[in-house]
Amino acid sequence: PPTNATMLFGGSEYNGDNTEGATMPHDGKLVAATLHAENAVGNFQLRATLNGVQNASYAMTFSSPTVSSPSVIETFYTTPMAFSAGDRINFAVFLTSLTQLEVLTVTFFVKFD
């Protein structure tokens, strides 16, 4: 399997349609994720989804960004989320009080077995 790969995907998942996502080419584990929101006002929580099913154990809670804290970084190293080849990983909005958001970037890191 590849030791270094970047996967880019997009789509509007805001309304809970989690049929999209990055399809994993090999078995592996989700080990970390970063979240960056530009011009966000309000709070929200994203949860990792596996094949469209949210998992509360892999959540990122975001409070309105400040100059000193513009992003959220979550590490799941101690209990990474396992996936199989062909599974889809995505992130879904679970809770939100956002009144403004221009750009949301989620980057997640996986380790293939």
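## Burial and model confidence

A residue counts as buried when its relative accessible area is under 20%, and in this predicted model Phe-83 and Phe-112 are both buried.

The pLDDT of the chain averages 81, with 83% of the residues scoring at least 70. Over residues 1-9 the pLDDT is below 50, although this stretch has 15 contacts in the model beyond near neighbours in sequence. The pLDDT is also below 50 over residues 12-18, a stretch with 13 such contacts.

## Strand pairing around strand 7

Strand 7, which spans residues 88-96, runs antiparallel to strand 1 (residues 22-23), to which two bridges join it. Strand 7 also pairs in the antiparallel sense with strand 3 (residues 44-50), here over seven bridges. Ile-89 of strand 7 is the bridge partner of Ala-22, and Leu-50 likewise stands opposite Ile-89.

## Aromatic pairs and a charge over a ring

The count of aromatic pairs comes to four. Among them, Phe-44 and Phe-62 form a tilted pair, because their ring centres are 5.2 Å apart and their planes stand at 40 degrees. Phe-44 lies in strand 3 and Phe-62 in strand 4 (residues 53-62), so that the pair links distant parts of the chain, 18 residues apart; both residues are buried.

The rings of Phe-83 and Phe-112 have centres 6.2 Å apart and planes at 85 degrees, so this pair is edge-to-face. Because Phe-83 belongs to strand 6 (residues 81-83) and Phe-112 to strand 8 (residues 103-112), the pair ties together parts that are 29 residues apart in sequence.

The ring of Phe-94 has the charged end of Arg-47 sitting over it, 3.3 Å from the ring centre.

Methods
Residues are numbered from 1 along each chain as its sequence is written. This is a predicted model: local features need pLDDT of at least 70, side-chain atom pairs count only at pLDDT 80 or more; totals for chains, interfaces and linings use all residues. Side-chain values use heavy atoms; hydrogens and water are left out. Two strands pair if DSSP finds at least two bridges between them. Helices (H or I, at least four residues) and strands (E, at least two) are DSSP runs, numbered from the N terminus. pLDDT is the predictor's confidence in each residue, from 0 to 100. Contact means heavy atoms within 4.5 Å. Rings of Phe, Tyr and Trp (its six-membered ring) pair if their centres lie within 6.5 Å; planes under 30 degrees apart count as stacked, over 60 as edge-to-face and the rest as tilted. Buried means under 20% relative accessible area, exposed over 50%, partly exposed in between (1.4 Å probe, protein chains only). A charge sits over a ring if NZ of Lys or CZ of Arg is within 6 Å of the ring centre and within 35 degrees of the ring normal.
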